[in-house]
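Trainee: Could you show me how to read a protein model, feature by feature?
Mentor: Gladly! Have a look at it first, and then we will talk.

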Amino acid sequence: MGGAIAVPGNMTPVAEFNTIADAVAAARIYALTSPDPATTMPPFGSATGLKDYPPKEQLGERRLRVVKFPLDVTTGHSLRRDEVERKLNPLRDAGSPLAEWVLAFTEHSFRTTERLNEGFEPGGGGTWISLHDPVVCWYAVETGGEERDGWVVKRGEDVRVEMMGQWTRGMCVVDTRDRIKGLDEEVEVEGDMGDWLSPRKGNRVDRCVETLGERVLAGELLRTVFGD
């Protein structure tokens, strides 16, 4: 889970927490998906104490597969205060320490949401928190990383991470220009700084764009932990 593609970030206008926390690490991981990792690998490995990545010739055809879950797909998967209280208040009253603990830490999260964001009524049942990381766990449990009905994954997207921008560090950059991709691996595409249109350069990140339903996960999560 990390990054934001076509939606605002949650730490800066363009950066999500996990990606801005270590933009170099994110960039290196994404580079491992590339047909030629050197084309997007951060250029200052030695300055960070990290080893240089082996050249393409030593790697052969080995590539890392990354399935990315950015804010675009995770934010809408929400858990509401009223559904938490409806499920857990009876269990807490019956003496469940787990229910009491979950009520305590989720209430803190709900209040933080109300404090930091517009449009929420303090103490209201409609206040919600996003289930960012649980979406990734849900995908892993439901699919095992394989194709499954209901899950839509965009394959091979060239997602790169900005590492040095004063205001844009941690930003996930994709090419949205209406440019024709290069077809010949040996010919550079005219007017393409950064080799975004090259068939042999750039990253190949898989990105989840649709799940089994934004309102499905909350119920599944509560049932899995606390039963029907």
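**Reading the features**

Trainee: What should I know about the model itself?
Mentor: This is a predicted model, where local features need pLDDT of at least 70 and side-chain atom pairs count only at pLDDT 80 or more, while totals for chains, interfaces and linings use all residues. Residues are numbered from 1 along each chain as its sequence is written, and side-chain values use heavy atoms, with hydrogens and water left out.

Trainee: Is Cys 172 buried or exposed?
Mentor: The labels rest on relative accessible area: buried is under 20%, exposed is over 50%, and partly exposed is in between (1.4 Å probe, protein chains only). Cys 172 has a relative accessible area of 3%, so it is buried. In the chain as a whole, buried residues make up 39% of the 228 residues.

Trainee: How many helices and strands does the chain have?
Mentor: There are 9 helices and 7 strands. They are DSSP runs numbered from the N terminus: helices are H or I with at least four residues, strands are E with at least two. The C-alpha atoms fill a box of roughly 70 × 40 × 40 Å, taken along the principal axes.

Trainee: How do I check the length of a helix?
Mentor: Compare the distance between its end C-alpha atoms with the expected span, which is 1.5 Å times one less than its number of residues. The 20 residues of helix 7 should span 28 Å, and its end C-alpha atoms are 29 Å apart, which agrees. Helix 8 (residues 132-143) has 12 residues and reaches 17 Å, close to the expected 16 Å.

Trainee: Which residues of helix 7 are buried?
Mentor: They are Ala 99, Val 102, Leu 103, Thr 106, Glu 107, Phe 110, Thr 113 and Glu 114. Seen down the axis, these buried residues fall within an arc of 135 degrees, so they line one face of helix 7. The arc is that of the directions from the helix axis to the C-beta atoms. On the other side of helix 7, the exposed residues are Pro 97, Trp 101, His 108, Arg 111, Arg 115 and Leu 116.

Trainee: Why would positions a few places apart share a face?
Mentor: An α-helix has 3.6 residues a turn, so residues three or four places apart point the same way.

Trainee: Which residues are buried in helix 8?
Mentor: Val 135, Trp 138, Tyr 139 and Thr 143 are buried there. Down the axis of helix 8 they fall within an arc of 100 degrees, so they line one face. Turned away from that buried side is a face with the exposed residues Cys 137 and Val 141.

Trainee: Which residues make the nonpolar surface patch?
Mentor: Leu 98, Trp 101, Phe 105, Leu 221 and Val 225 make a patch of about 460 Å². Patches are made of residues with over 30% relative accessible area and no salt bridge; like charges are joined within 9 Å, nonpolar side chains (Val, Leu, Ile, Met, Phe, Trp, Tyr) within 5 Å. The areas come from the Shrake-Rupley method with a 1.4 Å probe, only the protein chains shown counting as cover for residues. Helix 7 (97-116) and helix 9 (216-226) each supply at least two residues of the patch, and helix 7 gives the most, with 3. Trp 101 lies in helix 7, and its 54% relative accessibility is why it counts as exposed.

Trainee: How many salt bridges does the structure hold?
Mentor: It holds 16, each being a side-chain nitrogen of Lys or Arg within 4 Å of a carboxyl oxygen of Asp or Glu. In one of them, the side chains of Arg 207 and Glu 157 meet at 2.6 Å, N to O. This pair links distant parts of the chain, with Arg 207 in strand 7 (residues 205-210) and Glu 157 in strand 4 (residues 152-157), 50 residues apart. Both Arg 207 and Glu 157 are buried.

Trainee: How exposed is the pair Asp 175 and Arg 177?
Mentor: Asp 175 forms a salt bridge with Arg 177, with the closest N and O atoms 2.9 Å apart. Asp 175 is partly exposed at 23% relative accessible area, and Arg 177 is partly exposed at 37%.

Trainee: Which residues are linked in a network of salt bridges?
Mentor: Arg 65, Glu 147, Arg 155 and Asp 206 are linked that way.
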